[in-house]
Amino acid sequence: MKFFSHNWLAILYFNFRMLPLKQAIRLPFDFCHKIKFKRLSGKIIIDGNAISRGMVRIGAQGSDMFSGASTILDIAGTLFIKGKGISIGTGSLLRIERNGFVELDNSVVLGAKNIVLCEQHISIGEQTISSWNCQFMDTDTHSIINLDSGDVLPRSHPIKIGRHCWIGNNVLVNKGTKLPNDTIVASYSLCNKDYGNMIPENSIIGGIPAKKLAENKRRNNDKL
């Protein structure tokens, strides 16, 4: 990665603002291109002692396709980093509300212009990849009232994405979604339920809302 693509001001500011000194000096968070910081009143937890330079890269993925877009970090809750090789693409928004908890496991890649909006809990398993323009929201951001009973429906519910999942472009992952390991989600789909009891691992789902399309299919690790 070219020296001048790194946003050194953002790298130094974020690491030393959000991390203990012993972690910050290793510069585990790497930023590229245009970065905007909103609230940084939350906290960062890095699991384990193996902290290394650039283990979390933000703003680089997809910059060749979506140049000029600012990547925004708005962290009032907790970001839990569980491994290395984590990437959040250019033009993305990571917004964690005060009681929100986001877990990113080893080698998670979120593509360009992804939105992660967490009010409660979002967990993404190791080696899961999302393409561009995907959205992960564990909240409706407002409540719905049943006018017959007066009951207020829950506005948020956790999202849990398994290991080695592949999420195509323009996919919406709504509150309450649970994906088994090795699930492939077709582009332009809507995920909004617990698929653990509906499909086995190594399945393809798609549609609005998403349903099973095929079984015994797994992502191959070749890339462009």
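Reply: Arginine 95 is partly exposed, because its relative accessible area is 32%; buried means under 20%, exposed over 50%, and partly exposed in between, with a 1.4 Å probe and protein chains only. The model is predicted, so local features need pLDDT of at least 70 and side-chain atom pairs count only at pLDDT 80 or more, whereas totals for chains, interfaces and linings use all residues. Residues are numbered from 1 along each chain as its sequence is written, and side-chain values use heavy atoms, with hydrogens and water left out.

The side chain of arginine 95 meets that of glutamate 97 in a salt bridge, at 2.6 Å from N to O. A salt bridge is defined as a side-chain nitrogen of Lys or Arg within 4 Å of a carboxyl oxygen of Asp or Glu. Side chains of opposite charge can pair when their charged atoms come close. Glutamate 97 is buried, with a relative accessible area of 16%.

The structure holds ten salt bridges. One of them joins arginine 57 and aspartate 30, at 3.9 Å from N to O. This pair links distant parts of the chain: arginine 57 belongs to strand E4 (residues 56–58) and aspartate 30 to strand E1 (residues 29–31), 27 residues apart. Strands (E, at least two residues) and helices (H or I, at least four) are DSSP runs, numbered from the N terminus. Aspartate 30 counts as buried, at 2% relative accessibility, while arginine 57 is partly exposed, at 37%.

Another salt bridge brings together the side chains of glutamate 215 and lysine 212, at 2.6 Å from N to O. Glutamate 215 is partly exposed, with a relative accessible area of 33%, and lysine 212 is partly exposed as well, with 41%. Elsewhere, salt bridges that share partners join Arg39, Asp74, Arg95 and Glu97 into one network.

For contrast, consider a nonpolar part of the surface. Leu12, Phe16, Leu21 and Ile25 form a nonpolar patch there, with about 410 Å² of accessible area together. Patches are made of residues with over 30% relative accessible area and no salt bridge; like charges are joined within 9 Å, and nonpolar side chains (Val, Leu, Ile, Met, Phe, Trp, Tyr) within 5 Å. Accessible areas come from the Shrake-Rupley method with a 1.4 Å probe, and for residues only the protein chains shown count as cover. Leucine 12 lies in helix H1 and counts as partly exposed, at 44% relative accessibility.
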